[in-house]
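Thanks for sending this one over. Here are my notes, point by point, to read alongside the coordinates.

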Amino acid sequence: MSKKKEKKGKRKFRIFILIIGFLLLLTFIIIMLGAYVFKIPAKSIIVHGNSYLPESEILDSINLEENPNFFLTSTVDITKTFKKNPFIKEVKVTKNILFEINIYIEEYKPYFIREDQNKIVLSNGKEIQNKEEYDLNIPSLINYVPDTKYKELIEKLNKIDYILIKKISQIMYSPTKYDEDRFILYMNDSNRVYINLPKFKSFNKYDEMVTKLEGKTGKLFLDSGNYFEIDK
């Protein structure tokens, strides 16, 4: 073998060794960088859209440790956990380049509290146990309602402006022998509204009708005509 070929072979071997060394170094750097990156904690967990569920309950329900690992925290798992909560209608979980986890939720509206069971009844008809930490301004259903009437009541409330529902203090089922669909709504402004299920939608005009009373209170009959009986 000539000296020229020998030198050429040695040069190729050195280049091969350098390439192997470079690849090993690059692999080491990638491993170390990956180990560092995957230890980065989430800077913050931000909850958006909750009006009724306390943020503390939301964070407790997803069972995340304090300052969880940003990359290893699964948005899919968080979403699945939220879907088990009857209060939650829709949920979306995202991450951003600021190492923040954002949770966007849409809740079912709470319609009333069943006093006999101390349960909150939601707009989809589901019931959840009432808790002191829920800051709700909703009416109470103070007596028993037959199942068919109860279901229809929720359906009718779905067609009522939610602002008006929150102006009701108590709901009482008050049937007569002539009208099995009648309810009495005790309002926060001291008025009483007599209404039945077929005419429940007329309650949407409550504010308009009360404005004409110039501060007087009494009984508003929406079950048999639309007239007001002033308190004496």
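1. Which residues of helix H4 (residues 147-157) are buried? Keeping in mind that this is a predicted model, the buried set in H4 is Lys149, Tyr150, Leu153, Ile154 and Leu157. These residues sit on the same side of H4, because they span an arc of only 140° around its axis. Turn to the other side of H4 and you find Asp147, Thr148 and Lys151, which are exposed.

2. Next, the nonpolar core. The largest one has 51 residues, and the members that touch the most others are Phe112, Leu185, Val193 and Phe203. Helix H4 comes up again here, as it supplies the largest share of this core, four residues. As background, nonpolar side chains in soluble globular proteins tend to be buried together.

3. Setting aside residues up to four places away in sequence, phenylalanine 203 touches Ile160, Leu164, Ile168, Leu185, Met187, Val193, Ile195 and Leu222. Two of these names, Leu185 and Val193, you have already met among the core members with the most contacts.

4. Is leucine 141 buried or exposed? Leucine 141, which lies in strand E7, is buried, with a relative accessible area of 3%. For a distance to check on screen, the C-alpha atoms of leucine 141 and tyrosine 111 are separated by 9.7 Å, while the two residues are 30 places apart along the chain.

5. Now for the charged pairs. Side chains of opposite charge can pair when their charged atoms come close. How many salt bridges are there? The count comes to six. One of them joins glutamate 57 to lysine 131, with 3.9 Å from N to O. This pair links distant parts of the chain, 74 residues apart: glutamate 57 is in helix H2 (residues 55-61), and lysine 131 is in the loop between strand E6 (127-129) and strand E7 (140-141). Glutamate 57 is buried at 17% relative accessible area, whereas lysine 131 is partly exposed at 36%.

6. Another salt bridge pairs glutamate 127 with arginine 114, and here the closest N and O atoms are 2.9 Å apart. Since glutamate 127 lies in strand E6 and arginine 114 in strand E4 (residues 110-114), the pair ties together parts 13 residues apart in sequence. Arginine 114 is buried, with a relative accessible area of 14%, and glutamate 127 counts as partly exposed at 27%.

7. The last pair I would look at is lysine 167 and aspartate 207, a salt bridge whose closest N and O atoms are 2.9 Å apart. Lysine 167 is in the loop between helix H5 (162-165) and strand E8 (168-173) and aspartate 207 is in helix H6 (residues 206-211), so this bridge connects parts that are 40 residues apart in sequence. Both partners are partly exposed: lysine 167 has a relative accessible area of 31%, and aspartate 207 has 32%. Elsewhere, salt bridges with shared partners join Arg114, Asp116 and Glu127 into one network.

Technical notes
Residues are numbered from 1 along each chain as its sequence is written. This is a predicted model: local features need pLDDT of at least 70, side-chain atom pairs count only at pLDDT 80 or more; totals for chains, interfaces and linings use all residues. Side-chain values use heavy atoms; hydrogens and water are left out. Buried means under 20% relative accessible area, exposed over 50%, partly exposed in between (1.4 Å probe, protein chains only). Helices (H or I, at least four residues) and strands (E, at least two) are DSSP runs, numbered from the N terminus. The arc is that of the directions from the helix axis to the C-beta atoms. A salt bridge is a side-chain nitrogen of Lys or Arg within 4 Å of a carboxyl oxygen of Asp or Glu. A nonpolar core is a set of buried Ala, Val, Leu, Ile, Met, Phe, Trp, Tyr and Cys residues joined through side-chain atoms within 4.5 Å. Contact means heavy atoms within 4.5 Å.
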